Amino acid sequence: MIYFARCGNDGPIKIGHTTTALSSRVSFLQVGCPWPISIIGTMEGGPADETSLLRKFAQINMRGEWFHPAAELLGFIAINAQQYTQPEPKRAVIPLAHSVADEMENWPAIIREIMSLNGWN
């Protein structure tokens, strides 16, 4: 999958390719960026397609796979990419215990649910 990630509301755009979950890729990119990163579009494609796009927009390249948000790139994304809707994060709901004894009894099940919802199992 080819993705277009943007720094902030009007920042640079990254053209990338991933075979993993897009949310994981965004989380990885976000670690090194002080502004929120959002996916502004996706399209089918592999590494060769990514390389082709990097070459197509070489004249507006900032560094690596990051590009100025020029009209030609934004137009390409608007016409060719599909909008991406960020999935809602899964959140565990921990029931209130009636007593400390209840809490201790239910704790293993609560931990398993939290791990399952976060994909840690």
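## Strand β1 and its burial

Strand β1 (residues 2-7) is largely enclosed by the rest of the structure, because 6 of its 6 residues are buried (buried means under 20% relative accessible area with a 1.4 Å probe, protein chains only; strands are DSSP runs of E with at least two residues, helices runs of H or I with at least four, numbered from the N terminus). In a regular strand, side chains alternate between the two faces of the sheet. Both faces of β1 are covered: I2, F4 and R6 are buried on one side, and Y3, A5 and C7 on the other.

## Basis of the model

The model is predicted; local features require pLDDT of at least 70 and side-chain atom pairs pLDDT 80 or more, whereas totals for chains, interfaces and linings use all residues. Residues are numbered from 1 along each chain as its sequence is written, and side-chain values use heavy atoms, without hydrogens and water.

## Strand pairing

β1 pairs with β2 (residues 13-17) in the antiparallel sense over 5 bridges, pairing being assigned if DSSP finds at least two bridges between two strands. Y3 has G16 of β2 as its bridge partner. In the hairpin of these strands, with 5 residues between them, G8 takes a positive phi near 65 degrees.

β1 also pairs in the antiparallel sense with β3 (residues 37-43), over 6 bridges; here A5 stands opposite I39.

Technical notes:
Buried means under 20% relative accessible area, exposed over 50%, partly exposed in between (1.4 Å probe, protein chains only).
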